[in-house]
Amino acid sequence: MDTMVKNKAISKEFDVESIRKEFPILSVKVHGRPLVYFDNAASSQKPLFVIKAIEKYYETVNSNVHRGVHHLSSLATDQFEAARKTIATHINANIDEVIFTRGTTEAINLVAYSFGEVFVKEGDEIIISHMEHHSNIVPWQILCQRKKAVLKVIPITESGELRMDEYKKLLSSKTKLVAVAHVSNSLGTINPVEEIIALAHAKNIPVLLDGAQAVPHMKIDVKKLDVDFYCFSGHKIYAPTGIGILFGKEKWLKQMVPFQSGGEMIKEVKLEASTYQDPPLRFEAGTPHIEGSIVLATAIDYMNNIGLDAIAKQEQKLLDYATEKLSAINGLKIVGQAKHKAPVVAFNIEGLHPYDVGVILDQLGIAVRTGHHCTQPIMDLYGIPGTVRASFSFYNTIEEIDVLVAGVKKAIDMLKK
Amino acid sequence: MRIEEAEAELVGEFELFDDWMARYEYIIDLGKDVPLIDEKFKDEAHTIKGCQSKVWLHSEVRDGYIYYTADSDAMITKGLVAMVVRVLSGHTPEEILSADMNFINKIGLHEHLSPTRSNGLMAMIKQIKLDALAYREIAK
């Protein structure tokens, strides 16, 4: 029995080497060196499980959905709707509350338009935070311009956490929506979303969470969160680009006007006027990204096969190790030192431009992102031109972090000569 | 020295290096020799906007020849800028307009020219050409 228990324990241990073999791109060479891919917050790599599912779709299923009585069309429709079910189950949503979009950006734009059109009027307020990605800033700016509404911003601390005291002060009878990141893409901060939602709901204000950086790393339960809108992108969770999800509570969705219009979203079209489908179809005009939708569900299956707990544990290990080793480098300052963080380490080296560091790291085969990471207001606040950002996935290794640390030291040697 | 000669000279210098580190160290060194732009010109009008690193460029015409001063907040970008300035400074608008800048490819630094690399080098060359065009029109 002891042996059995032991074997079970071993099989449960995270086998990163076998997992890496499932991601063909991880074995490519860059500038003659093994690729170290630390740009996962920008986009994740794809396992064979996903790549093969794309092939299989075009080889055996490809057809348009929701029309035609022919075999392939009904097969494609079945798989498309089955994918919606898988995704709904994954985030604990009702199936009619899951809308396919092009990605997080389109999901936020959809809410900004379709919710804003109905619920936001002159003098109303929308609350965002200082740590938002541009895609959770600009759609609200445009809505506010259109409706003569006011954008309010929750300030952040030096360590990269939301000023909850200030947030409480911003909530008022004029607030029509709170839209904040679940996890910051440039700082890694995991925001206290339960508290954010509870405070807003106490005043009957709905909350949208930009979950693009959260979904890769943790279990999301929209019912437990009691969140009103939740957005995320497929390509950050091992699925293709061009597909994403908007979750919206039915009570909001059914009151919202269409975002785009055309085929698929109509009930009846007369030349004088048309009637629209109920959600979610009301918000899915035109032929959707059928393959992307189906394969997004495949990618979610893949993540669940590994296990979200196992993923979180491995990524925490990488984050802790990288934070420790990078912090030990003389002159290196980690930007974003919140207590709760996703596996993102952004940093700057005293006297060096992040661009220079990024160019040297690239020559060493290390893929990091440098720049403002589409969060210019954060960089302005901290008075820096940008950061070097290493972001990890469960397929990364401790050895790769050692390569990064050595690379950073080499960059410092070269640039500080 | 004609532009092609200055280009060939620079390409020749880079041929001495056989690994990327030495090449980049040399680029950084070249940056230290760039004729620096006067601080008073480091304003919006003289800024060439790349996405990540800033480049400042000033040009003036003396006796029909254009001379450049420049700077950047990133060292590698500054080195690349220095190379462009070294090759083009002191030439007529006509010569600058017909320069193909192929030396960057020959040195193997073409990746820095891609607009997606966002270091401002591409935008700087475009600005130099536009300035040269303007100077040529004024001279007419």
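The model is predicted.

Start with the open sheet of chain A. Seven strands form it, in the order β4-β10-β9-β8-β7-β5-β6. The pairing is mixed. Strands of a sheet pair through backbone hydrogen bonds, either parallel or antiparallel. At the edges stand β4 (98–101) and β6 (150–154) of chain A, and each pairs on one side only. Neighbouring strands in this sheet are turned against each other by 20° on average, direction ignored.

Now look inside the sheet. Strand β8 of chain A covers residues 207–210, and strand β9 of chain A covers residues 229–233. The two run parallel and are joined by three bridges. One residue pair can be picked out here: A:Asp210 has A:Cys231 in β9(A) as its bridge partner.

Next come two helices of chain A. Helix α4 spans residues 71–90, and helix α11 spans residues 290–306. Their axes come within 8 Å and cross at roughly 40°. Angles under 35 degrees would count as roughly parallel, and 65 to 115 as roughly perpendicular. α4(A) and α11(A) are therefore oblique to each other. Their crossing is left-handed.

Which residues meet there? From α4(A), they include A:Ala76, A:Phe80, A:Ala83 and A:Ile87. On the side of α11(A), A:Ile290, A:Ile294, A:Leu296 and A:Asp301 are among them. By class, the residues of this contact divide into nine nonpolar, four polar and one charged.

Move on to where the chains touch. Chain B brings 14 residues to the contact, and chain A brings 13 residues. On the side of chain B, two or more residues each come from α2 (20–32) and α3 (75–88). α2(B) gives the most to that side, with five residues. The side of chain B that touches chain A has eight nonpolar, four polar and two charged residues.

Finish with the strands of chain B. Strand β1 (residues 47–49) pairs with strand β2 (residues 54–62) in the antiparallel sense, over three bridges. Within that pairing, B:Trp56 in β2(B) is the bridge partner of B:Thr47. β2(B) is also joined to strand β3 (residues 65–72) of chain B. These two run antiparallel, with eight bridges between them. B:Ser59 stands opposite B:Tyr68 in β3(B). β2(B) and β3(B) form a hairpin with two residues between the strands. In this hairpin, B:Asp63 takes a positive phi near 50°.

Note on methods. Residues are numbered from 1 along each chain as its sequence is written. Chains are lettered from A and ligands numbered from 1 in the order in which they are written. This is a predicted model: local features need pLDDT of at least 70, side-chain atom pairs count only at pLDDT 80 or more; totals for chains, interfaces and linings use all residues. Axes are lines fitted to C-alpha atoms, for helices over the stretch in contact, and angles run from 0 to 180 degrees between N-to-C directions. Helices (H or I, at least four residues) and strands (E, at least two) are DSSP runs, numbered from the N terminus. Angles under 35 degrees count as roughly parallel, over 145 as roughly antiparallel, 65 to 115 as roughly perpendicular and the rest as oblique. A crossing is left-handed if the near helix is turned anticlockwise from the far one by less than a right angle, and right-handed if clockwise. Two residues are in contact if their C-beta atoms, placed from the backbone, lie within 7 Å. Ala, Val, Leu, Ile, Met, Phe, Trp, Tyr, Cys and Pro count as nonpolar, Asp, Glu, Lys and Arg as charged, and the others, Gly among them, as polar. Two strands pair if DSSP finds at least two bridges between them.
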